[in-house]
Amino acid sequence: MALATPNTNQQFEERAANDIMRPVGLNIKFHAWMGVLTLVLIACLYAYYTQLRNGLSVTGLRDYVNWGMYIANFVFFVAASLIGMLISGVLGLLGFQWIKPIARIAEIIAVAFAAVAGLVIVSDMGRPDRLPFVFLYGRVQSPILWDVTVVTTYLVLSLILYYVPLLPDLAIGKTRMNHNHGWLAKIYDILSLNWKHDPEQYNILHKAVRILLILIVPTAFAIHTVTSWLFAVNPRAGWDSTIFGPYFLTGAFVAGCAALIIAMYFFRSNYKLHRYITPEHFDKMGKLLVLTSIIYLYFNINEYLVPGYKLKEADAIHLHELFSGHYAPLFWGTQILGLILPLILLLFKPMRKPLPVLIISFFVLAGAWAKRYIIVVPTLEHPYLPKQYVPDEWMLYQPTLTETAITIGSIVLVLMIISVLAKLFPVIPIWEIEEKSNQTTEPS
Amino acid sequence: MNNKSQSTPQGNDSHKEAKNKSRREFLKRFGLAGAAAAAGGAALYSGYQYEKAKGKSEMVRVLTDDNRLVMVPRDQIQESKPDQAFLQKRGRNGLEGHRWVMVIDLSKCRNARQCVKACQKAHHLRPHEYHITTLEMQDGPKTAPYFMPKPCQHCDNPPCVSVCPVDATFKRQDGIVLIDNERCIGCRFCMSACPYSARMFQWQEPFMAEEYEEDPQPYDVELNVPQAKGTISKCLFSADRLRDDELPYCVSACPNGVFYFGDENEDAVTNGTTKETVRLSALLKQNAGYRLMEELGTKPRVYYLPPKNRLFDFDNQPSSYKGDDEKA
């Protein structure tokens, strides 16, 4: 892999450290970006305040469609957070070296989405003040308890998996800090836990990371499987499926790959990291997106074709709505623009160049969000018994401005977490780049 | 429905001031339910002491709320209202020895919706908020249309109870599925789980919110009143009425004799309109009674009698028939 052609390792390491540390620290652009995000967030918080005051009646949710945009958004967030496990966990444990420069970005995405996913659920609760009841009176029979447990575990594991490999970089970074950022150097000093680049320390670090990677794989599988069970345990047409676990899981990998590609592109161009996040990375991520999309397509075929073949009455109504009814534009838009077309396009090498793969990833990510909406809402619009003697607006679900604003607020919060983490700390593991350069150059 | 199982909670106090005070606090702290037995005994003893000191006072027999008959001096009796803790305890426990069951005769329903109105009045609901509602049904394109009252089915294998994360909705020993809106966190998982769409949510301030504010009352889990914003509400089989040995609100309100209600243990159900009591097993057998969506394994406690020989015409095709192609 041709990262660069340094004259010596020493020079290469020096340059890598400089390149990666350069974007670290606050500047006017960052302040402006965070200022805009904060303003948007304040507007969204006001929307949440009106919801607290007036109850969930400010949303489009009613007795038939009792879950809507919030829950769809929650599922999407959990899905996107799984990319941390796929990159570091699965590919890392399999020994792929190319993931090293992007593994930390994947981990940042995992932390941000997993952290906000919990808040999204709270925004859906009728009585958020009673959140402690889940711990005080929790019943293990309820999938919600399982979800709370595994999402929290995954968040903690992801945080540790983000922090531990950061230790050597914190030690490297504190000596190179811009003099304007004395306070940040202090934070680095404290957080680096007195890291001395001792070989023994590296030895422990490698072992610790390996254990974490092994732990994170089943945890990540669990969070999305359990999230799918929030639906699959209910006897409802469209949810009553035995493949919801793997269906959700593979869908999550698709969404996560797209999110990671977008983040990679952004950091590469804004932080000038072209030397480390190369077109080859985009090519490989494009291929990974194809692979995950194929598996997801396979589960989609199973999920829709098999009930569609039998056409049991309730399933028939559900599928009819999706294929040719009210939800047809969204359904086909999602399936074609968000899954099938990207999958076909990415088979061609020119489409896996950074810019095309970025554009495709936007479609995939938007499709992934809409797909969760399609999984959550139409099923609830078609209960077994007829909907009668209720106001017209109860028949079909239409998200309101308030609930859209609260949902946007959660996305803004994710962006803020990613921005802060990526601005205060190096987004590429310097020490791993150096380690790799040593490995690749030593034999020659 | 016999077996009067209601009891009148009564507090009993000693006449001696110091003793009296500490005992009252003791009572408060432990709630009426737990302390009643001790209070009864103590009252007897102190009554005896009182008589020794002051001469005769008339003794009366009272039933404590743990169902013990005790004697206390009449002038020692104090009025007492059931408090929240007491209501919760008895509400979660249920009526011992009963297995409540409802039978709905579809051949008699003419969609008067009196059941709906009576229920909404009792539980402080808006006109479009339902614990029970009636549906215009047609199962297939050529099958007969009919009206179907639909309360909570009070399943013996309730999907809603399984998924509740905080034990807010629960199954009682007498078969009733209740909701405790003091516990409910408003996640609405139970609504998603219910195949009968039997549950409602308080999306906004409840209908009678202002009245609750003016005149606060303890929450009765058997009536689910006061209703609370951001929590679930549902049919309770009128558990408060059953405790008073009366038929549920909807059952008594029906003008057409649609509802039978009773106790499976006694194999007897009473018609809410005619007040005629019949054998449950015979009623179901003779009329080919069935339960809704038996295939889901929820094991409802509500039985339906088929809409055979309907007493009332069904003017229009119901708009509700869900099958697609053959509709036209």
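Select chain B. Of its 328 residues, 45% are buried. Keep in mind that you are looking at a predicted model.

Stay on chain B and colour by secondary structure. Nine helices and 15 strands make up the count for this chain. Now think about contacts between residues at a separation of 6 or more. In chain B, 63% of these contacts join residues 24 or more positions apart.

**Next stop: where chain B touches chain A**

Show both chains. Here 39 residues of chain B are in contact with 40 residues of chain A. Which elements of chain B each supply at least two residues of the side that touches chain A? Select β6 (133-137), α4 (159-163), α5 (189-193) and β10 (200-201) of chain B. Then highlight α5(B). With four residues, α5(B) gives the most to this side.

You will find 19 nonpolar residues, eleven polar and nine charged.

**Last stop: a helix pair in chain A**

Select residues 28-54 of chain A, which form helix α2, and residues 401-424 of chain A, which form helix α16. Two numbers describe a pair of packed helices: the angle between their axes and the distance between the axes. What are the angle and the axis distance for α2 and α16 of chain A? The angle is about 145°, and the axes are 8 Å apart.

Turn the view to look at the crossing. α2(A) passes α16(A) in a left-handed crossing. Finally, colour the contact of α2(A) with α16(A) by class. Its residues divide into 18 nonpolar, five polar and one charged.

Definitions and conventions: Residues numbered from 1 in each chain as written. Chains lettered and ligands numbered in written order. Predicted model: local features only at pLDDT ≥ 70, side-chain atom pairs only at ≥ 80, totals over all residues. Contact = placed C-beta atoms within 7 Å. Nonpolar A, V, L, I, M, F, W, Y, C, P; charged D, E, K, R; others polar. Axes fitted to C-alpha atoms, helices over the stretch in contact; angles between N-to-C directions. Left-handed = near helix turned anticlockwise from the far one by under 90°. Buried ≥ 20, exposed ≤ 12 C-beta atoms within 10 Å, placed from the backbone.
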